[in-house]
Amino acid sequence: MSGLLKSFLIPLLHNTIYIITKNNKSKNKAFKKRKIKNKKHYSNAIAVLECSYLNIYSSNPVKYLSAMKFGAHVSIAGGIDEAPLRAHGLGCECFQIFSRSPRGGKPAELNDRIIESFLSECAKYNIAEYYIHTPYYINLCSEKKILRDSSIAIIKEELERGSALGAKYIMTHLGSSRETNRKQAVKMIIEGLKRIVDNTGFSTQLLLENTAGQGTTIGNSFEELAEILEGVRDSNIGICIDTAHLFASGYDIRTKEKFKETICLLSSTIGIKKIKLFHGNDSKVDLGEKKDRHEHIGKGKIGTRGFKNIIKSRDFRNINMIVETPPEKVGDDIKALKNLRDK
Ligand SMILES: [Zn+2]
Ligand SMILES: [Zn+2]
């Protein structure tokens, strides 16, 4: 929102924001009052107000059909070219893998034979999109330079491997700042990401994943992720939103109204266009509990309604969703998500 509009609103509204929302039945604009309690609440209200305007002018009566595809994180046991069949068996329309052990060690070699076999398996099962998750030990804001450097090298290597395999995205966690303060940690992450994307011609796009806000992990708030994206100034870096992490960080999506507020905050900080992928996980922990505990779709604290809000949203109809829940019932999760989309 422009500074001019802001300075006009503040004296005019005297601590009350009038939010204009569209009433679909009567086609009239309805006015809602919101009391401003503090500075954060004020900026949230401004974001919602801004989005409400956008919604009025861009709303369209046509019901959008979602083209969202669903998939799961699958194992590469036996070789990377075993993953497409495994994904197909679970009902995946897209899938995600680790291209190397998530806990450490050298990656398996990617030669022409393996790449060809992988690509032909993907074609056989009609899977056009697949993604790679970087290992868990990545820490771009470790106090130890050697760990920061090796994290940078591994992300670069994964971008290279992803490009060789034709993966659309790789997503990475940013790290945690146990020994340093957050400001310093964010600075280190920006520097690291700059080194990763500098002069590289990878076809695979790098996505940063939001965290649950557990401990001292960086990247749970939209503001923090936006600050990092702005700092790197590389238009090719996107964001992967994990729904369980989102919810545990305090962003509610369970009702239509709360979902809209969360998306408005997202659009006024990170920007909707930066969202490239979802990790679709329900949450064992409640709103804002800041713990990373995945639950099967519809069985956790988010519930079916929250997922329906995302899947039926016009903003995300071309964004795909990967399930990262315990393997034995992943097939059921994919079925549940497809049901929400196709009903
Ligand atoms: Zn992740
Ligand atoms: Zn998680």
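Begin by selecting helix α10 (residues 303-311) and helix α11 (residues 330-342), which pack at an angle of about 55 degrees with their axes 10 Å apart; the axes are lines fitted to C-alpha atoms, for helices over the stretch in contact, and the angles run from 0 to 180 degrees between N-to-C directions. Helices here are DSSP runs of H or I with at least four residues, strands are runs of E with at least two, and both are numbered from the N terminus. This is a predicted model, in which local features need pLDDT of at least 70 and side-chain atom pairs count only at pLDDT 80 or more, while totals for chains, interfaces and linings use all residues. Residues are numbered from 1 along each chain as its sequence is written, and chains are lettered from A and ligands numbered from 1 in the order in which they are written.

The two helices are therefore oblique to each other, given that angles under 35 degrees count as roughly parallel, over 145 as roughly antiparallel, 65 to 115 as roughly perpendicular and the rest as oblique. Colour T304, F307, K308 and I311 in α10, and then L337, L340 and R341 in α11, to see where the helices meet; contact requires C-beta atoms, placed from the backbone, within 7 Å. By class, this contact of α10 with α11 has four nonpolar, one polar and two charged residues, where Ala, Val, Leu, Ile, Met, Phe, Trp, Tyr, Cys and Pro count as nonpolar, Asp, Glu, Lys and Arg as charged, and the others, Gly among them, as polar.

Next, select helix α5 (residues 145-165) and α6, whose axes are 9 Å apart at an angle of about 40 degrees, which makes α5 oblique to α6. On the α5 side the contact is made by R148, S151, I152, I155 and K156, and on the α6 side by M188, G192, R195 and I196. These residues divide into four nonpolar, two polar and three charged.

Now turn to the largest nonpolar core, in which A72, F95, Y131, I189, L277 and L337 touch the most other members out of 76 residues. Helix α6 (residues 182-197) supplies the largest share of this core, six residues. A nonpolar core is a set of buried Ala, Val, Leu, Ile, Met, Phe, Trp, Tyr and Cys residues joined through C-beta atoms within 7 Å; buried means that 20 or more other C-beta atoms lie within 10 Å of a residue's own, exposed means 12 or fewer, and partly exposed lies in between, with C-beta atoms placed from the backbone. Centre the view on F95, which, leaving aside its neighbours within four places in sequence, is in contact with G71, A72, V74, A83, A87, I127 and Y130.

Finally, zoom out to the protein, which has eleven helices and twelve strands, and in which 39% of the 343 residues count as buried.

How values were computed: Contact = placed C-beta atoms within 7 Å.
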